[in-house]
Amino acid sequence: MTKQQVWKKTENKMIMLLAALSLAVFVLSFAPASLTEERLEAALDTGIAAQRVCSAALFFLSLWLWRRSRSDGLRQQTGTDRDETGHARALLKRYGQNPCSYLTLEKDKTLYFGKMADGVAPYGRVGDTVIVNGDLVCAPEDYGVFLDEFTGFCRKNGCHLFFLGLTGDYLGEFEKRGFGCVKAGEEARFHLADYEISGKKGAKMRMNINHAEKAGVTVREYRILEKRDPETEEQLKRVSDEWLGEKKCGLLTFTMGTVGLENPMDRRYFYGQTADGRIVAFVVFVPFMGGKGYMADVTRHGKDAPGGIMETIIYQAFQVFREEGVEYGSLGVAPLSGLDEKSGNPVEKLLEFVYKHLNASYGFRDLYRAKEKYSPTEWVPSYYAYLPKLPTPEMLYAVVKIQNPHGVEDYARSLIQEELEHFAKGKSHGE
């Protein structure tokens, strides 16, 4: 073994030790406050906040160092030829029960097609971690066989495995095979035949819709497959550019779809326009359950969009779907909502911390409240599953990196900003 190889091996061990120590400090910071004297609580609050910031910063630093130290020599292993999109689309129409499964067709996915079962797995790779968006797409009776095959494919290529956005339908198949599983959010779903906004529960929705209608907003569907209209598409592009220009952080990828005007396939486009015919907002819906459901995947509003316009577009689209016999509407998953604060699972504790302390960048709480105001018929749990059962620092880094092109920098910046704001607020109240 050369000196360089010895140093690389030692460096990896040091990074692992740093990650383990920082994670241990982070978990210990959640020790019950009841174990301390009441007179020390204010001081402990400040100390714990600082402890969490430092441990999280060390943790993110270790992930970055780990990724850098292991980046050499890694090559992407592709599972199949991307020309087989048509076959993946056919599988989605038959077996795509997960609302996020349509993102299988996005260009940022590599497609693995089954050999032992007719199915497709949409995945990406960061370092030695394969990340899958949503459930495997195959016949229900083949799920276990296909999962075994795909897990074997990842092991053969020396990769760990992390599933995002799973429904609960096949969670037992993962647990039987030794995967770690944890709740990671809730999907806002609507039974369209029963959905209404009357009564006290729908008061806020009615108020927002009335505001938009008084501003002269009307909603239309752009039937792009029937006839393309360059002027309409130019306006949609303008609205999207305005929306992107106002974002404070990087645009999430992999778990989010694109507008897809260049190849709309099964997408449906609803837009809101003002009295003068100017488009100021739009929503892109994608199908699931073979067209029995539609999920609002992409939402965009321009700078001069009146209040209530997004609620109006989504509500009107749901009415159109219901008249067509569509059973379900969905607003997608509110990430990290509905977690168990008392859980002893270290991964769930980490997710709970992210939910509470990284709102400066991604507004997890605000996103949940934005979906809640639509009064969903039900909140459907969403899960992560990962192998090995305790995810490594590199796996956690990969999950962050594949969704956010700016990687851990955005999250670390958000964490520090969030804690500083919390500390300043406490000082202003004399705590």
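F285 has A296 of strand 10 as its bridge partner. The model is predicted. Strand 9 (residues 279–288) and strand 10 run antiparallel, and eight bridges join them. Four residues lie between the two strands of this hairpin.

Y294 has G329 of strand 11 as its bridge partner. How many of the nine residues of strand 10 (residues 293–301) are buried? Seven are, so strand 10 is largely enclosed by the rest of the structure.

Beyond strand 11, the backbone deserves a look. Most residues other than glycine have a negative phi, and most peptide bonds are trans. L336 has a positive phi near 65°. L336 sits in the loop between strand 11 and helix 9 (346–357). Its relative accessible area is 6%, so L336 counts as buried, the cut-off being under 20%.

S375 also has a positive phi, near 55°. This serine lies in the loop between helix 11 (364–372) and strand 12. With a relative accessible area of 11%, S375 is buried.

Next comes a cis peptide bond. It runs from L387 to P388, with omega near 10°. P388 belongs to the loop between strand 12 (378–387) and helix 12 (393–403).

Now turn to K183, in strand 6 (residues 180–191). Its side chain makes a polar contact with the side chain of E186, at 2.9 Å. A polar atom of the K183 side chain also lies 3.0 Å from the backbone oxygen of G338. Which residues does K183 touch, leaving aside its neighbours within four places in sequence? The contacts are S337, G338, L339, L351, P381, S382 and Y383. Of these, L351 falls within helix 9 (346–357). P381, S382 and Y383 fall within strand 12 (378–387).

The last stop is a helix pair. Helix 6 (residues 203–214) packs against helix 8 (residues 309–323) at an angle of about 105°, with the axes 8 Å apart. Helix 6 is therefore roughly perpendicular to helix 8. From helix 6, the contact draws on M205, N208, I209, A212 and E213. Helix 8 supplies I309, E311, T312, Y315 and Q316. By type, the residues of this contact divide into five nonpolar, three polar and two charged.

Key:
Residues are numbered from 1 along each chain as its sequence is written. This is a predicted model: local features need pLDDT of at least 70, side-chain atom pairs count only at pLDDT 80 or more; totals for chains, interfaces and linings use all residues. Side-chain values use heavy atoms; hydrogens and water are left out. A polar contact is a pair of N or O atoms within 3.5 Å; within protein, one must be able to donate a hydrogen and the other to accept it, and residues adjacent in sequence count only if both atoms are side-chain atoms. Contact means heavy atoms within 4.5 Å. Axes are lines fitted to C-alpha atoms, for helices over the stretch in contact, and angles run from 0 to 180 degrees between N-to-C directions. Angles under 35 degrees count as roughly parallel, over 145 as roughly antiparallel, 65 to 115 as roughly perpendicular and the rest as oblique. Ala, Val, Leu, Ile, Met, Phe, Trp, Tyr, Cys and Pro count as nonpolar, Asp, Glu, Lys and Arg as charged, and the others, Gly among them, as polar. Buried means under 20% relative accessible area, exposed over 50%, partly exposed in between (1.4 Å probe, protein chains only). Two strands pair if DSSP finds at least two bridges between them.
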